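Work through the following exercises with the sequence and the model side by side, and try each task before reading its solution.

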Amino acid sequence: ELPQPLLSESLLVETWVEGTTVSSIFIQVGEGLRQVGPNVGAPSDRVHKVKLCRTLFDMTMKMFLRDNLIHGDLHGGNVMHNPANHLVTVIDCGLVTGVLPDA
């Protein structure tokens with residue numbers, strides 16, 4: 001935690017996040033989550049990826065529709081997944097905006 005006098009809109013605060021980028025998890029997955037390439041994944045790997053897809057979809061819909069947040073650079077390289085605790089973390093949030101309500 002940072003002392004309140006050090007916080008401001010012009011200060012970038014960073015932290016280390018354990019995990020793997022979502023893009024590297026799905027690098028060998030083709031259309032319909034079918035494994036492509038020489039290393040066909042085990043059924044448990046497919047189940048894990050389907051659960052992760054559901055989590056990512058739910059997270060994105062809540063972010064857009066409920067919280068009115070739009071990440072300016074949301075792609076698989078900016079989403080981390082920690083397999084130890086199954087947490088998903090969105091990183092590189094330097095550009096975040098929302099949609100203004102109709103006047």
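A residue is called buried when its relative accessible area is under 20%, exposed when that area is over 50%, and partly exposed in between. The model used throughout these exercises is a predicted one.

**Exercise 1.** Work out in which order the three strands of the open sheet lie, and which of them stand at its edges.

*Solution.* The three strands are arranged in the order β1-β3-β4, with antiparallel pairing. In this order β1 and β4, the latter covering residues 87–90, each have a single partner strand, so one side of each is left without a neighbour in the sheet, and these two are the edge strands. For the pair β3 and β4, the antiparallel pairing extends over four bridges, and a bridge joins H81 to V88 of β4.

**Exercise 2.** Decide whether N82 is buried or exposed, and list what it touches beyond its sequence neighbours.

*Solution.* First locate N82, which belongs to strand β3, residues 79–82. Next take its relative accessible area of 14%; because the limit for a buried residue is under 20%, N82 counts as buried. Finally, when residues up to four places away in sequence are set aside, N82 touches E18, G19 and L87. For the chain as a whole, buried residues make up 15% of the 103 residues.

**Exercise 3.** Find the residues that form the salt bridge, and classify each by its exposure.

*Solution.* The structure holds one salt bridge, in which the side chains of R66 and D67 meet at 2.9 Å, N to O.

**Exercise 4.** Identify which residues make the nonpolar surface patch, and place L7 in the chain.

*Solution.* The patch, of about 350 Å², is made by L6, L7, L11 and V13. L7 lies in the segment before β1, the strand of residues 20–21, and its relative accessible area of 38% makes it partly exposed. For the surface of the whole chain, the accessible area comes to about 8100 Å², of which 59% belongs to carbon and sulfur atoms.

Definitions and conventions. Residues are numbered from 1 along each chain as its sequence is written. This is a predicted model: local features need pLDDT of at least 70, side-chain atom pairs count only at pLDDT 80 or more; totals for chains, interfaces and linings use all residues. Side-chain values use heavy atoms; hydrogens and water are left out. Buried means under 20% relative accessible area, exposed over 50%, partly exposed in between (1.4 Å probe, protein chains only). Accessible areas come from the Shrake-Rupley method with a 1.4 Å probe; for residues, only the protein chains shown count as cover. Patches are made of residues with over 30% relative accessible area and no salt bridge: like charges are joined within 9 Å, nonpolar side chains (Val, Leu, Ile, Met, Phe, Trp, Tyr) within 5 Å. A salt bridge is a side-chain nitrogen of Lys or Arg within 4 Å of a carboxyl oxygen of Asp or Glu. Contact means heavy atoms within 4.5 Å. Two strands pair if DSSP finds at least two bridges between them.
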